[in-house]
Amino acid sequence: MRFERRATRSWGLTLLAPLMAVAVAFVVAGGLIALSGAPVIEAGRRILENAFGSRLALTETLTRTTPLILTGLAAAVAFRARVWNIGAEGQFYGGALATAAMAQVVPGPLAIPALMLAGAVAGVVLLVVPVALRLRFGVDEVVTTLLLNFIVLLFVSLAIEGFLRDPLAFGWPQSVPVPPEARLPKLVDRSRLHVGLVIAVLAAVLVYLVNRYTVFGLQARAAGLSAPAARFAGVPLSRTLLTTACLSGGLAGLAGAIEVMGVKGHVSSDLSPGFGYTGIVVAMLAGLSPLGVILAALFVAALFVGADGMSRALAVPSFIADVTTSLALLAMLVAIFFTQYRVAK
Amino acid sequence: MTDLLDILLTAGLWSSTFRIATPLIFGTLGALLCERAGVLNLGIEGIMTFGAMIGWLTTYLTGDLWSGVLAAALAGAAFGLLHAVLTVTLGLSQHVAGLGITLFASSSSYYVFRLAVPVQGTPPTVEAFAPLALPGLSDLPWIGPALFTQTPLTYLALVLVLLTAWILARTPLGLAVRLTGENPHAAEAQGLDPVALRYGAIMAGSALMGVGGSFLTLAAFNSFFPTMVQGRGWICIALVVFSTWRPMRALLGAVLFALFDAYQLRLQAVFGKAVPYQLFLMLPYVLSILALVVMARRARVPQALMKPYRRGER
């Protein structure tokens, strides 16, 4: 089979691509649910019901959406400039840990901005180093950011069993809690939903504006399309990639900070059920568009929250949500390809 | 201090070194084969996870260890086929496609495992591979217990290193694979089929990754649990760079790495009270990054690595 580039880009196809990808993922996931012996339609209904069907379901889904918007943005920003940041998981934990540590130092009304900044800075450091290693030594940042995820997670474990250990946690390894004045206010009473969601949505809008209307946004896109061409056109490549790294790492670190301040109140080794890795799926489903990330994060969060409830009721392993999102990612890659190419006659 | 050196000389240390090295050897060899043909395969972490799961499950159901290994190889090849369709036929980003395969392969292995084995107090086990003392060789002092009293999979890994090195360096097939990884257009001009060569290399390499994963559940341990691959796949990707894309050096890298890992486990026993154990566990990953930094500039990367090949398109 041979493919040829489409002469024009069709907006219809571009919008259709994620829908097709999700449809394919759902069909395969339906097959996998059938394999477990559970009724497929009933499973789908329960996923929807558990994701959106009640006040509790909806606020839980939006609570889960918040970190995914930020890690999704982290991936989208980086991938657009072809900085392969696969380390969002580590940056998320780095940000969370920095937040918990900073909370012991900064008191009072300054706490919330200071803690968020600390989280973002931790994320920045964890990505700028690998990108600098790529620029200086030619080390592929995919591998270094992946390996850093393991290092950071071990460091978190070291911290919460050591210098940041909460002595009141009955021997459970978790960090000292963030004081009440540094917790994010609730968005909806009697729920876990907090103002982090607003911050995440604002971040998406901000990234959209930066991409669209700033010189840096243009340079990052140029670097992603073709590094040699960008350099030829006078784009300061190193600076652009390092700035991208700051933005991407900062967003992932901020996600960790907000999750600590908004939801958990402390750091533990199970703070993130793979928010960093899932962010990559979110970014790809959104076609790397910052505003699309909001929708894609909502979709993925609903799938995870819904599948959790469904799996308790129907005894389908809750890993079905991970399988479905990863299938959607693969299907999306193929779908994007067919918006650009068609089968040659 | 002399104690620390003494540990280095014990046969026990070297015996566990080769045990720890085995999945890394399979994985590194597999990743190397893919990259030599010009395709980065970041599906490795997930393929090893799936190999660990399906190898264990097959043995659990059939009672036969080699069926498990075969199942892991076939599953690996199947994921390799998927990766080849995405990266060779469609020419998609090898980074993103590989990560997608890793996410898909690992999540589906957890799903299938949970379907087959509902949650229990203790995970069920299989009768794992027993060490096989090679007659004659295993009686040699020191090296006998260290190298020649291993499970059959370790011997298989060592034989495959020699075989791959020989095929790549000395056979027309190996030359064709290397040429495809350096310059697929030149390969095609020679009447070779770069697409078929890449498909073959990716599927064979991914099969090796699957077998490497199955070592974990069929020889190193005797049960499967999620996240058990623990970044070994990513370490293999780093080891390929360290090996400068040569099988014999890949073996050297994997063994050095495993020696370090086995040594830190023993140091943990000595210093465990004074130094947090997490620092020891971090060392392998730190070491991999350092190795990458040192080797990246010296390495001669296959020239067409990560460049999709489309017939008639430059």
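A salt bridge is a side-chain nitrogen of Lys or Arg within 4 Å of a carboxyl oxygen of Asp or Glu. Between chain A and chain B, the count of such bridges is zero. The structure is a predicted model, in which local features need pLDDT of at least 70 and side-chain atom pairs count only at pLDDT 80 or more, while totals for chains, interfaces and linings use all residues. Residues are numbered from 1 along each chain as its sequence is written, chains are lettered from A in the order in which they are written, and side-chain values use heavy atoms, with hydrogens and water left out.

The interface involves 48 residues of chain A in contact with 45 residues of chain B, contact meaning heavy atoms within 4.5 Å. About 4,000 Å² is buried between the two chains, and carbon and sulfur atoms give 82% of that area; buried area is the accessible area (1.4 Å probe) that two parts lose on being put together, summed over both.

On the side of chain A that touches chain B, the elements giving two or more residues are helices H1 (11-35), H5 (111-137), H6 (141-161), H11 (275-285) and H13 (320-340). Helices here are DSSP runs (H or I, at least four residues), numbered from the N terminus. H6(A) gives the most, with 13 residues.

A further point of interest is one residue of chain A. Asn211(A) lies in helix H7 (residues 196-213). With a relative accessible area of 15%, Asn211(A) is buried, a term for values under 20% (1.4 Å probe, protein chains only). Leaving aside neighbours within four places in sequence, Asn211(A) is in contact with Arg80(A), Gly217(A), Leu218(A), Arg221(A) and Pro290(A).

Notes: Buried means under 20% relative accessible area, exposed over 50%, partly exposed in between (1.4 Å probe, protein chains only).
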